[in-house]
Amino acid sequence: MKATASQTAHAQAAGARTSGAQTISSQVTAAADLHGPLLEQTGAFGGNALLLTGPARVGKLGVAWAVAAQHNCTGPKGMYGEACGACHSCRALAAGGHPDVLLVEPRATTTTGKAARRKLIPIGAVLSGRDKTREYETHVFEFLEVRPTFARRVVIVSGAEYLGPEAANALLKLVEEPPHRALFVFLAEDLRSVLPTIVSRSARLSVTPATDRALESALGRAGHAPDPELVAFAAGRAGVLDDPQKVSAALTDARDLTDALADGLLAALQAAEGLEKRFDPGWHPEALRFVWRTLPPHQRARADTALTALQEGLEAYASPSLSFQVFALALRDALGHA
């Protein structure tokens, strides 16, 4: 029997929740494995706000989930004060349904379903009355009005540098005097991009890259086969291990396109068409630049210019098909195959 649109939507939502729960669980585990000394500090933190800084995908969000687990865990803690992973609170977090943890981040898409041109955490994420288009299911003010089910309500702000001035100002009173001892965990790649009012009210900790050996061990503990290329691509960033299959697929696509450029115009256009169908703006651009790292500097620079033009065109809602065709032509020229 054919599923209705409603049934399909429910199934997709359930799948997304399952995937999200698996990601949270793996991130918490990786944080304990790779950032134990840092968790030793966060576990003893009794203040109102933490600001975790570090490169993209270094594992900041995993550490934030681990902090939320720490402060609500009711079981015996680990060597670094990490959560037990077995109590009711830890199981709720691993299942992706913890009642005391709220993740706030910029919307990746607009209300029309298109990719957002500008990252921003608006005032509507903080106050339900200002969320006119209902972009956020749960709002910070309303979330913190409720007493914690376990020990402490935790608000994770992923992308603190994208807090608009209105949203940041609305948070200040909450950060200074959080209801029910709530904890804010702000994440940012660049401390200088975070509004000074947030920085001054937060305890700052740096999440640093892990060693290649530590990443190799973490990959093995997660049940994945050794992958030297993936570890080299990760460059110490634990977040790359959240979805190794997706990253490996992006690296394969990047190699296939680059190899096809030398096989003639038709092969290049066909490879670009295939990339268009699978293109993930979160992984493919970085995978392409990684594959190009061995090119001569002048070719790498021209290829990077072509990739930047493709990204700008897609962000401006240009025709994807035409954009990728132009990209293939520009790459052939950049690498001397035209």
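## Helices 12 and 13

Helix 12 (residues 284-291) and helix 13 (residues 297-315) have axes that come within 11 Å and cross at roughly 175°, and the two helices are therefore roughly antiparallel to each other, a term for angles over 145 degrees. Contact, meaning heavy atoms within 4.5 Å, is made by Pro285, Leu288 and Arg289 of helix 12 and by Asp304, Leu307, Thr308 and Gln311 of helix 13.

## Basis of the description

This is a predicted model in which local features need pLDDT of at least 70 and side-chain atom pairs count only at pLDDT 80 or more, while totals for chains, interfaces and linings use all residues. Residues are numbered from 1 along each chain as its sequence is written, and side-chain values use heavy atoms, with hydrogens and water left out.

## Helices 2 and 3

Helix 2 (residues 36-43) packs against helix 3 (residues 60-70) at an angle of about 45°, with the axes 10 Å apart, which makes helix 2 oblique to helix 3. In this pair, Leu38, Leu39, Thr42 and Gly43 of helix 2 meet Val63, Ala66, Val67 and Gln70 of helix 3.

Parallel pairing joins an open sheet of 5 strands in the order 2-3-4-1-5, where two strands pair if DSSP finds at least two bridges between them. At the edges are strand 2 (101-104) and strand 5 (203-206), each pairing on one side only. Strand 3 (residues 154-158) and strand 4 (residues 183-188) pair in the parallel sense over 5 bridges, and Phe186 in strand 4 is the bridge partner of Val157.

Notes. Axes are lines fitted to C-alpha atoms, for helices over the stretch in contact, and angles run from 0 to 180 degrees between N-to-C directions. Helices (H or I, at least four residues) and strands (E, at least two) are DSSP runs, numbered from the N terminus. Angles under 35 degrees count as roughly parallel, over 145 as roughly antiparallel, 65 to 115 as roughly perpendicular and the rest as oblique.
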